Amino acid sequence: MSSLTRLSVFYVAIYLGTGVSLPYIATYLRDRGMSGAAIGLILAIPMLAKPFTGPALAVWADGFTLRRSPMVLLSLGAGLGYAALLIAPGALGLAIAWFIGQTLLSTVSPLLDVVTLRRARSEGFNYGLPRGTGSAAFIVANLVMGVALTFAAPAIIPLWIALSALLAALAAGVFVPPERVHAEGAKPLGSERWKDLGALLRDRTFVLAVMTVGLIQGAHAFYYGFSTILWRNQGISEPIIGLLWGVGVAAEVGFMWFLEPWRRKVGPEKLLILGAVAAVLRWIAYAFAPPLWMLFPMQALHALT
């Protein structure tokens, strides 16, 4: 089995879970009696902590021999965290369970991207192919859950997410190529890995790029947490909400699968500016609760934002 196929399988396993967690977790939290303020706080905690948890987990992951080993452990831990949502008592319990699941699983994708980008360069395939396959799985999971919620209780949401994370742990161990973290020599000590991170953070170009991407991505936070609730209040049904999410991710898939030559020609700086402009237009339009027909072209801007 080629690296392209193996990596695509793992992306599918990851995005089967995020295709449900991002659009629908707020629905489950509301069903558990959480207010809008509590939902916002629960969803925000992992994001606020990510500047600290992300580097710490990345340095920890670099201490393994194979890159897939921490992916297995992180996915397994995330599955247990998500499963705890089903029994977590009150807002504090839900916040802790969501923090564990979301923090651990969100670290897997960057680790997987490292392997995919390296393999794409050495084996000559487009990174967007396996990554876009994962996004296609996101669409499928999103649409399936939209239909399922018309007759199933919201408890199906954390159950689906937990099982998907456990599936991702299995897929990481079976399908991710056994690539070494350190190709030559012994593993550096933890202090040396932290020192390397400090050098990276002193790179002004790197920090500017990360801050720019962070602001564009961060603008999605309210959309991720509350779009399903708001659209339902506008009278839009669960299957149509799933379709709206599917349209946005489908545009993303098309971008990654078919616009690779254009992306290389435009370059990262202009793409970041284009993404920021598209984000401003998209969120201003959503602020006015546009009608359903306008939501579909606005969702297509997801490919840029």
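Is N142 buried or exposed, and what is its relative accessible area? Keep that question in mind for point 2.

1. **What you are looking at.** This is a predicted model, in which local features need pLDDT of at least 70 and side-chain atom pairs count only at pLDDT 80 or more, while totals for chains, interfaces and linings use all residues. Residues are numbered from 1 along each chain as its sequence is written, and side-chain values use heavy atoms, with hydrogens and water left out.

2. **N142.** Here is the reply to the opening question: N142 is buried, with a relative accessible area of 0%. Buried means under 20% relative accessible area, exposed means over 50%, and partly exposed is in between (1.4 Å probe, protein chains only). N142 lies in helix α5. Helices here are DSSP runs (H or I, at least four residues), and strands are runs of E with at least two; both are numbered from the N terminus. Leaving aside residues up to four places away in sequence, N142 touches G19, P23, Y24, I241, G242, L243, W245 and G246. Contact means heavy atoms within 4.5 Å.

3. **α1 beside α5.** Two packed helices are described by the angle between their axes and the distance between the axes. For α1 and α5, the angle is about 35° and the axes are 6 Å apart. The axes are lines fitted to C-alpha atoms, for helices over the stretch in contact, and angles run from 0 to 180 degrees between N-to-C directions. This crossing is right-handed. A crossing has that name if the near helix is turned clockwise from the far one by less than a right angle, and is left-handed if anticlockwise. By class, the contact of α1 with α5 has 16 nonpolar, eight polar and one charged residues. Ala, Val, Leu, Ile, Met, Phe, Trp, Tyr, Cys and Pro count as nonpolar, Asp, Glu, Lys and Arg as charged, and the others, Gly among them, as polar.

4. **α3 beside α6.** At what angle do the axes of α3 and α6 cross? Helix α3 (residues 68–84) and helix α6 (residues 156–175) cross at roughly 165°, and their axes come within 8 Å. That makes α3 roughly antiparallel to α6. Angles under 35 degrees count as roughly parallel, over 145 as roughly antiparallel, 65 to 115 as roughly perpendicular and the rest as oblique. The crossing of α3 past α6 is left-handed. On the α3 side, the contact includes R68, M71 and Y82, while P158, I161 and G173 are among the residues from α6. By class, this contact of α3 with α6 has 14 nonpolar, three polar and one charged residues.

5. **A look along α6.** Helix α6 has 20 residues and reaches 27 Å from its first C-alpha to its last, close to the 28 Å expected at 1.5 Å a residue. The expected span is 1.5 Å times one less than the number of residues. Its buried residues include I157, S164 and A171. The buried residues of α6 pack against α1 (3–31), α3 and α5 (128–148).

6. **I14 in α1.** I14 is found in helix α1 and is buried, with a relative accessible area of 3%. Not counting residues up to four places away in sequence, I14 touches V108, S109, L112 and A168. I14 and V108 are 94 residues apart in sequence, yet 8.5 Å apart in space, C-alpha to C-alpha.

7. **α4 and what follows.** Helix α4 (residues 90–123) has 34 residues and reaches 49 Å from its first C-alpha to its last, close to the expected 50 Å. G124 follows α4 and has a positive phi, near 80°.

8. S227 sits in helix α9 (residues 221–233) and counts as buried at 5% relative accessibility. Beyond residues up to four places away in sequence, S227 touches F222 and W245. S237 lies in the loop between α9 and α10 (238–258) and counts as partly exposed at 36% relative accessibility.

9. **A backbone angle to check.** A289 has a positive phi of about 45° although it is not a glycine. A289 is in the loop between α12 (268–287) and α13 (292–300), where it counts as partly exposed at 45% relative accessibility.
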